[in-house]
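Dear colleague,

I am handing over the structure below for your review.

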Amino acid sequence: MSSSKLILITGVSSGFGRALAQEALANGHRVVGTVRNEQARQAFEKLDPANALGRVLDVTDFDAIDGVVADIEASVGPIDVLVNNAGYGHEGIMEESTLAEMRRQFDVNVFGAVAVTKAVLPYMRARRCGHILNITSMGGFITMPGIAYYCGSKFALEGISEVLGKEVKPFDIHVTAVAPGSFRTDWAGRSMSRTPRSIPDYDALFDPIRRAREEKSGQQLGDPAKAARAMLAVIASETPPAHLLLGSDALGLVRDKLSAMSDEIQAWETLTRSTDG
C-alpha cells in the first residue's frame with residue numbers, strides 16, 4: 001500500500017466516523033463515507049470535494065451492500081481500509097427491553113458490520129492486502145447495568161474480529177477491533193435508543209446510572225479527533241494490533257475486569273479441573 005489510502009468508513013455523519021474522515025482527508029487520504037440520505041451525502045462531500053465521496057447506504061439493507069462496494073471498487077478505486085463504524089447504543093434494563101430492540105441492535109452493530117466486511121473481503125483477498133477496523137467499545141470487554149443489548153453486540157463484534165484476523169492473516173489482511181471508552185460523541189445523546197422504564201424494582205439500581213450518563217453526555221474525557229489520529233496511526237502501522245483500547249477510562253476498566261476474571265478463575269480452579277476424565 002502507498003502512504004495515501006482509499007478508506008471506506010461506514011457512518012460518517014457524526015461521531016467517530018466523521019472525526020476519522022476529517023483527519024484522514026487532512027492527512028491526504030481519500031475517503032468514501034456511507035450516509036443515510038442524499039442531504040448527508042452532499043454535506044459530507046463538501047468537506048473535500050476532490051477526496052470525499054459519499055454513498056447512501058443503510059448497513060442493514062443487506063441486499064444493497066455488495067452493489068455499493070462493487071461500484072466503489074470499479075469507479076473510485078481499490079479499497080485499502082474498511083472502517084466499520086456505523087452503529088448506535090441501546091440503553092434499557094434487559095427484562096424491560098423487547099426482543100425487537102435486541103434484533104435491531106444486532107442488525108446494525110453486528111450483522112451490518114459483518115455484511116460490509118464480507119462484501120469487501122474478496123477484493124482485499126485477491127490483492128493480498130488490506131486492513132479492517134471494527135469500532136467496538138470498552139463495552140465489548142466490560143459491562144454495566146442497563147446496556148445488555150449494546151454490550152452483547154460489542155462482545156460479539158470483538159470475537160468475530162479476532163477470529164477473522166486469524167482467518168485472513170495468510171492473505172496479509174489485518175483486522176483491528178478498536179474499543180473506545182467514553183468520548184464526546186452523540187453516543188449517549190441523540191444517537192442512543194432508550195427503552196422506557198416499566199418495572200419499579202429496578203429503579204434503585206438503574207435510575208442513578210441513567211441520570212449520570214445523561215449528565216455526562218458531551219463532557220466525557222475522550223476527544224474524538226485524538227481517537228481519529230490514533231486510528232490513523234494503527235492504519236499506518238505494518239504490525240497493527242488485533243485489539244486497541246482508546247481512552248484511559250477504557251484502559252483502567254478493562255484492566256480491572258481482566259484482573260477480577262483472573263482472580264475468579266483461580267478461586268474456582270479446583271472445580272474447573274474436576275470435570276476432566
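I begin with the surroundings of one residue. Apart from neighbours within four places in sequence, Ile 235 is in contact with Lys 5, Ile 7, Val 81, His 131 and Leu 133. Please bear in mind that the model is a predicted one. Ile 235 belongs to helix α7, which covers residues 224–236. Its relative accessibility is 5%; because buried means under 20%, Ile 235 counts as buried. Lys 216 is 19 residues from Ile 235 along the chain, and the C-alpha atoms of the two are separated by 31 Å.

**The protein as a whole**

The protein contains 9 helices and 9 strands. Its radius of gyration is 20 Å, close to the 19 Å that the globule rule gives for 277 residues, so the protein is as compact as a globular protein of that length. Taken along the principal axes, the box filled by the C-alpha atoms is roughly 55 × 50 × 35 Å.

Of the 277 residues, 45% are buried. Among contacts with a separation of 6 or more, 70% are between residues 24 or more positions apart. The accessible surface comes to about 13900 Å², and carbon and sulfur atoms account for 54% of that surface. As for charge, there are 29 positive and 34 negative side chains, and the centres of these two sets lie 5 Å apart.

Glu 23 is located in helix α1, residues 15–26. With a relative accessible area of 16%, Glu 23 is buried. Leaving out neighbours within four places in sequence, the contacts of Glu 23 are Ala 225, Ala 228, Arg 229 and Leu 232.

**His 90 and its contacts**

His 90 is placed in strand β5, which runs over residues 89–91. The relative accessible area of His 90 is 1%, and the residue is buried. Which residues does His 90 touch, not counting those up to four places away in sequence? They are Ser 97, Glu 101, Gln 105, Gly 146, Ile 147, Tyr 149, Tyr 150, Ser 193 and Thr 195. One of these, Gln 105, is 15 residues from His 90 along the chain, with 6.9 Å between the two C-alpha atoms.

Met 102 has its place in helix α4. This residue is partly exposed, with a relative accessible area of 31%. Met 102 and Ala 242 are 140 residues apart in sequence, and their C-alpha atoms are 27 Å apart in space.

Ile 160 is part of helix α5. At 35% relative accessibility, Ile 160 counts as partly exposed. Not counting residues up to four places away in sequence, Ile 160 touches Val 110 and Val 114.

**Positive phi angles in two loops**

Arg 128 has a positive phi of about 60 degrees, although it is not a glycine. This residue lies in the loop that joins α4 (99–127) and β6 (130–135). Arg 128 is partly exposed, its relative accessible area being 44%.

Asp 172, also a residue other than glycine, has a positive phi near 60 degrees. Asp 172 is found in the loop between α5 (148–168) and β7 (173–180). Its relative accessible area is 51%; because exposed means over 50%, Asp 172 counts as exposed.

**Cysteines**

A disulfide is a covalent bond between the sulfur atoms of two cysteines. How many disulfides does the count come to in this model? The count comes to 0. Cys 129 is partly exposed, at a relative accessible area of 23%, whereas Cys 151 is buried, at 4% relative accessibility.

With kind regards

Notes. Residues numbered from 1 in each chain as written. Predicted model: local features only at pLDDT ≥ 70, side-chain atom pairs only at ≥ 80, totals over all residues. Heavy atoms only, no water. Helix = DSSP H or I, 4+ residues; strand = E, 2+ residues; numbered from the N terminus. Rg over C-alpha atoms; globule rule 2.2 N^0.38 Å. Buried < 20%, exposed > 50% of the residue type's maximum accessible area, 1.4 Å probe, protein only. Contact = heavy atoms within 4.5 Å. Areas by Shrake-Rupley, 256 points an atom, 1.4 Å probe, with all protein chains shown as cover. Lys, Arg positive; Asp, Glu negative; His and termini not counted. Charge placed at Lys NZ, Arg CZ, Asp CG, Glu CD. Disulfide = S-S within 2.5 Å.
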